[in-house]
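Subject: Structure for your review

Dear colleague,

Please find below the structure that I am passing on to you. A summary of the findings follows it.

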Amino acid sequence: ENFEIEVLKSEVPVLVDFWAEWCGPCKMLGPVIDQLADEYTGKAKVAKVDIEADDATKELAVAQGVSSIPSLMVFKGGEKVDETVGAQSKSALAELIDKALN
């Protein structure tokens, strides 16, 4: 419900993790996402969207073209600037954020 404000209208790049509770790779990625959120505090945001939490999150996932999870997208200036699908290393995700910061 706060995607527009927190992501699309953010003044800093945002990494968004689209995930679901039943998804094993999503759960493995959880601690990495939390670490990135801590490390990029003040420079970028990290957000998580449980695609099965309610109808709104399901619609959001469809609107963003999520077809597999985990699906990770980087938004900057209200636009999707990068994305990747599947469990990724911390360094690979940091690289996505760094690219959006430069």
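This is a predicted model: local features need pLDDT of at least 70, side-chain atom pairs count only at pLDDT 80 or more; totals for chains, interfaces and linings use all residues.

The opposite end of the helix may be described next.

Along α3, the residues T57, L60 and A61 are buried. These three lie on the same side of α3 because they cover an arc of only 100 degrees around the axis. An α-helix has 3.6 residues a turn, so residues three or four places apart point the same way. The other side of α3 carries exposed residues, namely D55, E59, V62 and A63. Among the elements that cover the buried residues of α3 are α1, β1 and β2.

I turn now to the largest pocket. The space in this pocket is about 210 Å³. Its lining is made up of 17 residues, and E1, N2, F3, K48 and V49 lie nearest the centre. Two or more lining residues are given by each of α1 (3–8), β1 (14–19), β2 (45–50) and α3 (55–63). Of these elements, β2 supplies the largest share, with six residues.

With kind regards

Note on methods. Residues are numbered from 1 along each chain as its sequence is written. Side-chain values use heavy atoms; hydrogens and water are left out. On a 1 Å grid over the protein atoms alone, a cavity is a set of points where a 1.4 Å probe fits but cannot get out, and a pocket is an open set with protein on both sides within 12 Å along at least five of seven lines; lining residues have an atom within 4 Å of a point. Grid points are joined across faces, edges and corners, and a volume is the space filled by probe spheres set on the points. Helices (H or I, at least four residues) and strands (E, at least two) are DSSP runs, numbered from the N terminus. Buried means under 20% relative accessible area, exposed over 50%, partly exposed in between (1.4 Å probe, protein chains only). The arc is that of the directions from the helix axis to the C-beta atoms. Contact means heavy atoms within 4.5 Å.
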